[in-house]
Amino acid sequence: MLKLNDYADSEDEKYFKTGFKKNYGIWLLYGGMFLGNPLLPVAFILSGFILIYFMLGTITKFYKTDLLCAIENLHFLIFVTVELVAMMSFLQKRAVLVSMYITIGKGFFDYENTLDDECLELKRDAYDKTDSRKRLVHHSFVTVVMSACITISVFRPAVLILFPKENMGNPNDGMIRVALAPMWSPFDNTQWHGIVIVWLLEYIVAWTTPGIVFGATFFVLFSLEELGIQLQILKKSLTNVIQRAERLEQGMEENIKLCLKYSVRHHQLLFEFHDKLNEVISLPGLGLFVSFSIMLCMSGFIFTLKEVPLVSKSVFGLFLLSECAMLFALCYFGENIIELSEEIGDALYNSDWAIYSKVMQNYMLIIQMRSRRTMRLTLMDFMDVSRNTFSNICSTSYSYLNLMNEFN
């Protein structure tokens with residue numbers, strides 16, 4: 001059940017549900033990262049921490065004798081750790097998430113009939129296009145990630161059971177290999193109860209993972225998309241401030257002041273939304289982006305090794321594709337916000353301000369000063385989400401991959 005509890009009144013609850021649906025927030029529910037039954041996050045957190053212990057044991061015991069298995073477990077260890085950080089961070093920031101969804105549900109800001117026809121048309125077109133983009137991104141990303149999830153949780157165990165000689169390795173090395181991921185555990189791998197426990201833990205994590213990945217990724221991407229649309233509207237409202245003022249019934253100078261007042265308030269509201277977004281994703285985002293280069297390197301290394309079974313290549317090929325897609329999408333939308341926010345300072349200058357310079361000069365100074373603080377997705381002030389970050393991570397990952405191939 002969706003409940004706002006102490007965070008909003010009944011009117012805000014309506015806006016919250018609108019924003020929640022519009023921004024695909026339902027995935028936060030499926031991932032146990034927001035509202036609903038606490039059983040899901042508790043099950044994932046407990047299973048995740050136990051599996052981290054098993055994966056650490058696998059890495060330390062087999063990095064000399066089974067490098068492939070050790071690398072695979074290191075990849076999953078990093079990924080599960082990032083998921084745990086993301087889940088706990090989102091649960092902690094629940095009140096901030098509610099306020100952001102309410103803002104989205106309200107449409108951010110109401111100009112109260114002070115927008116001209118050109119601004120209104122831009123707003124309609126932008127929302128039509130963003131709905132199409134959201135559906136495309138949603139369907140594409142869900143398809144890739146769910147393909148990876150089904151491959152690792154269904155096809156891979158089936159292949160290991162059907163063709164044990166080709167894929168099982170040494171049956172007496174203490175590793176439970178007939179599982180989603182080959183893994184050491186303190187249980188006897190010849191006893192059924194030990195295998196069942198490992199399978200259960202792995203399946204809990206595997207089938208909770210899509211909700212966490214989709215919830216966090218879609219929240220960030222679509223929040224940035226909404227912010228980008230609002231920046232386009234704000235830019236147009238400043239460029240067309242004279243046309244907007246001419247439509248109103250009061251004196252021209254008063255009309256200009258009124259229109260600029262609305263635009264400035266809109267700008268302030270967008271900064272508030274931007275700051276809340278940074279507050280929510282800074283910590284999990286930093287963990288994800290720092291680990292991206294390592295995970296991409298390990299996925300690529302396993303995918304390119306000749307001795308790796310085809311089913312494992314398929315798993316890590318899909319992982320590589322989904323990780324690259326996530327990284328590119330986040331950096332693309334992050335760069336878009338940087339570019340749009342930098343253009344706001346010049347938008348008012350591009351209007352017919354010279355005719356009413358005495359009225360507009362103070363507002364121009366205020367907006368230009370405010371625009372010097374560029375909106376950008378910052379990860380604990382350590383890095384920005386931008387095209388440069390994407391190229392740096394890809395370059396670092398490729399360097400790691402070459403280094404691993406040299407040592408192999």
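The legends below describe an overview and several close-up views of a predicted model.

**View 1. The whole protein chain.** The C-alpha trace spans about 90 × 50 × 30 Å along its principal axes. The protein chain holds 13 helices and four strands, taken as DSSP runs numbered from the N terminus (helices: H or I, at least four residues; strands: E, at least two). Of its 408 residues, 53% are buried, where buried means under 20% relative accessible area, exposed over 50% and partly exposed in between (1.4 Å probe, protein chains only). Among contacts between residues at least 6 apart in sequence, 79% join residues at least 24 apart; a contact means heavy atoms within 4.5 Å.

**View 2. Phe76 and Phe316.** The structure holds 31 aromatic pairs. Rings of Phe, Tyr and Trp (its six-membered ring) pair if their centres lie within 6.5 Å; planes under 30 degrees apart count as stacked, over 60 as edge-to-face and the rest as tilted. The ring centres of Phe76 and Phe316 are 5.8 Å apart and the planes stand at 40°, so this pair is tilted. Phe76 belongs to helix H4 (residues 67-92) and Phe316 to helix H11 (residues 310-347), so the pair ties together parts that are 240 residues apart in sequence. Phe76 is buried, with a relative accessible area of 11%, and Phe316 is buried, with a value of 0%.

**View 3. Phe76 and Phe319.** The rings of Phe76 and Phe319 have centres 5.8 Å apart and planes at 85°, so the pair is edge-to-face. Phe76 lies in helix H4 and Phe319 in helix H11, so parts 243 residues apart in sequence are tied together by the pair. Phe319 is buried, its relative accessible area being 15%.

**View 4. A cluster of rings.** Tyr24, Trp27, Tyr30, Phe141, Phe214, Phe218 and Phe222 are linked into a cluster by ring pairs.

**View 5. Lysines over rings.** Lys14 lies over the face of Tyr15, at 5.0 Å from the ring centre. Lys313 lies over the face of Phe303, at 5.8 Å from the ring centre. A charge sits over a ring if NZ of Lys or CZ of Arg is within 6 Å of the ring centre and within 35 degrees of the ring normal.

**Notes.** Residues are numbered from 1 along each chain as its sequence is written, and side-chain values use heavy atoms, with hydrogens and water left out. In this predicted model, local features need pLDDT of at least 70 and side-chain atom pairs count only at pLDDT 80 or more, while totals for chains, interfaces and linings use all residues.
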